[in-house]
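Trainee: I'm new to this one. Could we look at it together, one question at a time?
Mentor: Gladly; here it is.
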Amino acid sequence: MKKKIMFVLCLLAGLMFINAGLDKFFHYMPVPKEMPEKMLTAMKALMVIGWLMPLVGTIEILGGALLIFNKTRALGAIVILPVLTGILLTNINVAPSGLPIVGVLIAIILWVIIDNREKYLPMIKE
């Protein structure tokens, strides 16, 4: 049962990251009208750095795809963790209304990391 729940949660999280990454290239999701001014300013600043959004989008697509499959899930969690950290910090500082969904995504990623901790041990062992 645990594996099925993990699969469904990772599938949903992976699809969310893939969707967010694709939106950075194709801009198909509408920008909310009630977006805080600080968030608009931050997004404009990120757009000035021309290479940053395509990089983040690529990482989101790659990490999301890796999360979906059991064999690559541990790698996907590590790949997506820095992006998720940035999302968390942005929501804390600029748009706290997004914190519930970020909290759920963090819980899923932490569960994946804890569940696969033995795969990470060779990276830190001497």
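Trainee: Is Ala 42 buried, partly exposed or exposed?
Mentor: This is a predicted model, where local features need pLDDT of at least 70, side-chain atom pairs count only at pLDDT 80 or more, and totals for chains, interfaces and linings use all residues. Residues are numbered from 1 along each chain as its sequence is written, and side-chain values use heavy atoms, leaving out hydrogens and water. Buried means under 20% relative accessible area and exposed over 50%, with partly exposed in between (1.4 Å probe, protein chains only). Ala 42 has 27% relative accessibility, so Ala 42 counts as partly exposed.

Trainee: Which helix holds Ala 42?
Mentor: Helices here are DSSP runs (H or I, at least four residues), numbered from the N terminus. Ala 42 falls within residues 37-48, which form helix 2.

Trainee: How far apart in space are Ala 42 and Val 31?
Mentor: In sequence, eleven residues separate Ala 42 and Val 31. From C-alpha to C-alpha, their distance in space is 14 Å.

Trainee: Is Phe 25 buried, partly exposed or exposed?
Mentor: Phe 25 belongs to helix 1, residues 2-26. Its relative accessibility is 37%, so Phe 25 counts as partly exposed.

Trainee: Which residues does Ile 109 touch?
Mentor: Contact means heavy atoms within 4.5 Å. Leaving aside residues up to four places away in sequence, Ile 109 touches Leu 67, Ala 77, Ile 80, Leu 81 and Leu 84.

Key: Helices (H or I, at least four residues) and strands (E, at least two) are DSSP runs, numbered from the N terminus.
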